[in-house]
Amino acid sequence: MAEESIGIVGAGIVGLAIAREITRRRPGTRVVVVEKEDRVAVHQTGHNSGVVHAGIYYKPGSLKAELCTRGRLLLREYCKEHDLPYDECGKLVVAVSEADVARMDDLHKRADTNAVPGLRRMGAAEIKEIEPHATGLAALYSPVTAITDYTKIAESFAAEIVKAGGEIRFGFPVTGVREVAGGMELASGEERIKVDKVILCAGIHSDAVGRMAGDTAEPRIIPFRGEYMLIRPEKRDMIRGLIYPVPDPRYPFLGVHFTRRVSGDVEVGPNAVLAFAREGYRLSDVSMADLAGIASWPGMWRMALQHWRTGVKEMYGSFSKRAYMKEAKRYVPEIGAADVVRAGSGVRAQALDRDGSLVDDFRIHRLGAVTAVRNAPSPAATSSMAIAEHVLDVLDGKAT
């Protein structure tokens, strides 16, 4: 019997985790990962803040809630086994207004349902015990929330795949996914790779690549740039771990927060502004084709009409450090615009339905020989190893 072959589009952390899981669960399978860049983890994985989420935010019963819980445990063990950085520095979700406190009550119930380990509520004085320079009326404290380096994890996954006999082919931008006699074909210009099955993990390009394979147009990916500030060295020790706001339930974004990195740096951010290109890491990055795709999607205009005020506020913060830090100072008053410098940015692949709804949960579609990961935003990096298990269960008919 000929060996089974599976092609995976995308060498971000999710695609690599799936490829690794295939080599473990289906030894002897030919695995080919194709990636348009010259290395792994170039886009969302490589611009990730490095946070390992504990499952506080996600709707109970959702794929996010289930896979984040499982994924955190798998990731912690993986980092331990492979001597990769993993620091359970803890997270405070801080309420600074009475409205925040009311929303935090709902968040606490959700986190309890998701069995977030060690979570506890604390008052203003207790906040100071965890983060001496933070301020607030109340907070939720998650001691198991951690930080890591997702690029190093992705590189480790890639090394395991190659060691197991898999192939990672760089410089292969997919231009076609089609069914052919006896299997599927991945095309990149004149190059062709024939496989039995295909798994699409194309991140910011997931909708476009999905349509190549015959998937629906919905949801459409709308790129949002998240910009970070870096706290100057003389003040970065004021932040011990992670300090987050109580999130606005209308949005899948978590709001500007303070994040300690495994490098010792401390970032503030990200904001969320519409990017003018799918890979629009800078304001000057503009793609007319991408803009046309954004403008042609009915859901974009429906979302814009509903949330334009928030969009204007976020854009203003993008241009003004003082405006950017105004919100952050509510949580750590001693760190202001003079204490930060502009740092890097990332692009979030935000899925948007035709009716203007911001898609929150993971979406994974099965189309015959093609499995498409159509929406995998945060906490996808945390959940990557559990997403891989789930996708293999879908392939085996054990999950939908």
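Start with the helices. H1 passes H5 in a left-handed crossing; that is, the near helix is turned anticlockwise from the far one by less than a right angle. The contact, meaning heavy atoms within 4.5 Å, uses Ile-13, Leu-16, Ala-17, Ala-19 and Arg-20 of H1. From H5 come Tyr-150, Ile-153, Ala-154, Phe-157, Ala-158, Glu-160 and Ile-161. By class, that is 10 nonpolar, no polar and 2 charged. Ala, Val, Leu, Ile, Met, Phe, Trp, Tyr, Cys and Pro count as nonpolar, Asp, Glu, Lys and Arg as charged, the others, Gly among them, as polar.

Some ground rules. This is a predicted model: local features need pLDDT of at least 70, side-chain atom pairs need 80 or more, and totals for chains, interfaces and linings use all residues. Residues are numbered from 1 along each chain as its sequence is written, and side-chain values use heavy atoms, without hydrogens or water.

Now the second largest pocket. A pocket is an open set of points on a 1 Å grid over the protein atoms alone, where a 1.4 Å probe fits, with protein on both sides within 12 Å along at least five of seven lines; lining residues have an atom within 4 Å of a point. The space in this one is about 270 Å³, counted as that filled by probe spheres set on the points. Its lining has 18 residues, with Gly-46, His-47, Asn-48, Arg-261 and Glu-267 nearest the centre. Which element gives the most to that lining? Strand E19, with 3 residues. The classes here are 4 nonpolar, 11 polar and 3 charged.

Conventions: Helices (H or I, at least four residues) and strands (E, at least two) are DSSP runs, numbered from the N terminus.
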